[in-house]
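Biologist: Could you walk me through this model, starting with a few side chains and then moving on to the metal site?

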Amino acid sequence: MQINETQLSLVNSRIETLIRANNFYGKRLQDAGVSQVHSAKEFEALPFSEKADLREAYPLGLMAVPEDEIVRIHSSSGTTGTPVIIPYTSKDVDDWAIMFARCYEMAGITSHDRIQITPGYGLWTTGIGFQAGAEKLGAMTIPMGPGNTEKQLTFLQDMKATVLCATSSYALLIAEEVEKRGLQDKIRLKKGVIGSERWGEKMRQRIKSILGIELYDIYGLTEIYGPGIGVNCQYNTGIHYWDDYLYIEIIDPVTGRLVPDGQPGEVVITTLVKEGAPLIRYRTHDLSRIIPGDCPCGSPYPRLDAIMGRTDDMMKIKGVNVFPAQIEEILRSFPELSSEYQIRISHLDGKDTMRIYVETTGSVDFSTIASRIAEKVKSRIGFTPLVKVVEVGVLPRSEKKTQRVIDERYN
Ligand code: ZN
């Protein structure tokens with residue numbers, strides 16, 4: 001998906017702002033002697049920006065406009081070291097609410113809905129993002145914030161909320177409480193809008209079936225406004241994102257070069273109208289792909305696939321970039337297999353080899369299923385792995401996160 005003329009002219013106005021502000025990216029542009037970009041090719045030659053740049057700018061080094069235009073800051077929860085502070089102008093706050101309201105609309109939510117919001121409020125962007133979007137839409141908001149499940153359940157019944165906003169794990173917890181207490185008939189939920197966390201199809205099905213609701217996934221990150229920059233539609237064919245506010249590229253995380261639409265890689269985002277802290281070619285380290293073609297819903301907004309993981313998970317085998325999520329997706333399409341698997345990569349006789357260990361019951365023919373899996377990996381990813389089939393229960397299990405990928409090449 002190439003950057004278009006309108007997007008290019010917006011980028012140029014961001015470039016002017018950044019150079020004037022002389023923040024880290026403004027300096028980088030000046031060092032590169034860039035004051036404008038005139039084509040997609042020139043845009044693609046612009047330097048990337050990274051989370052480390054944002055940390056270095058702590059506390060307010062990202063600010064790209066005079067301080068009296070800044071109305072709010074948010075901070076990302078950085079698990080290690082210095083947090084990232086993102087300053088917002090009044091227009092940024094409003095733009096974010098407009099984008100979030102679009103997410104609700106995409107999910108078929110209207111001003112007649114009652115929206116119970118359980119993500120946290122504060123420096124964190126989640127709660128307030130859900131809140132501002134719902135108010136922009138004109139719906140009635142119920143700003144609960146996280147925790148206090150008793151009160152959440154009481155309000156779900158008494159306020160007759162029709163939409164639940166939550167993380168996937170909290171939505172599951174609420175669903176299980178509703179089931180345990182037999183409250184299904186007392187609540188009026190129709191839709192769930194789920195923010196953050198990667199989550200599996202099993203968890204999704206469980207929440208859907210207990211609560212009898214449709215689920216929508218919100219995408220976003222604090223560095224780029226917060227949640228609300230995209231959402232799936234009722235056809236669930238990927239995340240529609242707002243390309244009048246953002247330009248999204250997918251790159252090969254190793255070479256930094258663009259990959260063709262449809263191919264997986266790292267999501268790189270450019271903010272087109274952000275004032276307080278514009279970002280150009282920001283590397284998110286999230287893995288996804290652009291979904292080519294049109295969505296059956298008819299929306300003109302392009303689509304990003306569900307986030308498949310982080311670039312740190314990537315493996316390079318026989319010159320092909322592979323993500324564990326791709327293998328997992330293929331294995332999931334074989335109902336004969338258990339959910340456990342292990343991937344071992346080694347270097348033998350001058351060649352990279354991937355061995356995939358899977359589990360199945362004794363009732364299927366091990367060699368047939370092994371070759372079917374190998375063929376599917378070959379056709380989807382481009383190389384043939386060795387597939388080893390074992391009995392259910394043989395692969396290691398652990399209470400904590402099971403190590404599924406073992407790279408023996410660097411031992
Ligand atoms: Zn759609």
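Biologist: Which residue lies over the face of Tyr88?
Modeller: Lys274 does, at 4.9 Å from the ring centre; a charge sits over a ring if NZ of Lys or CZ of Arg is within 6 Å of the ring centre and within 35 degrees of the ring normal. Please keep in mind that this is a predicted model, in which local features need pLDDT of at least 70 and side-chain atom pairs count only at pLDDT 80 or more, while totals for chains, interfaces and linings use all residues. Residues are numbered from 1 along each chain as its sequence is written, and side-chain values use heavy atoms, with hydrogens and water left out.

Biologist: And what sits over the ring of Phe48?
Modeller: That is the charged end of Arg283, 5.2 Å from the centre of the ring.

Biologist: How many aromatic pairs are there in the whole structure?
Modeller: The search finds six, where rings of Phe, Tyr and Trp (its six-membered ring) pair if their centres lie within 6.5 Å, and planes under 30 degrees apart count as stacked, over 60 as edge-to-face and the rest as tilted. For Phe24 and Tyr25, the ring centres are 6.0 Å apart and the planes stand at 85 degrees, so this pair is edge-to-face.

Biologist: Are Phe24 and Tyr25 buried or exposed?
Modeller: Phe24 and Tyr25 are both buried, a word that stands for under 20% relative accessible area, with exposed being over 50% and partly exposed in between (1.4 Å probe, protein chains only).

Biologist: New topic, which atoms coordinate the zinc ion?
Modeller: The zinc ion is held by Cys233 (SG), His240 (NE2), Cys295 (SG) and Cys297 (SG), at 2.1 to 2.3 Å; donors are N, O and S atoms within 2.8 Å of the metal (3.2 Å for Na, K and Ca), and since water is not among the atoms, sites may look incomplete.

Biologist: What geometry does the site of the zinc ion have?
Modeller: The site is tetrahedral, with angles of 102 to 114 degrees among the four donor atoms, and four donors count as tetrahedral if all angles lie between 85 and 135 degrees.

Biologist: How are the donors of the zinc ion spaced along the chain?
Modeller: Their spacing along the chain is C-x6-H-x54-C-x1-C.

Biologist: Is Cys295 buried or exposed?
Modeller: Cys295 counts as buried, because its relative accessibility is 6%, whereas Cys297 is partly exposed, with a relative accessible area of 29%.

Note on methods:
Tetrahedral: all angles 85-135°; square planar, octahedral: opposite > 155°, others 65-115°.
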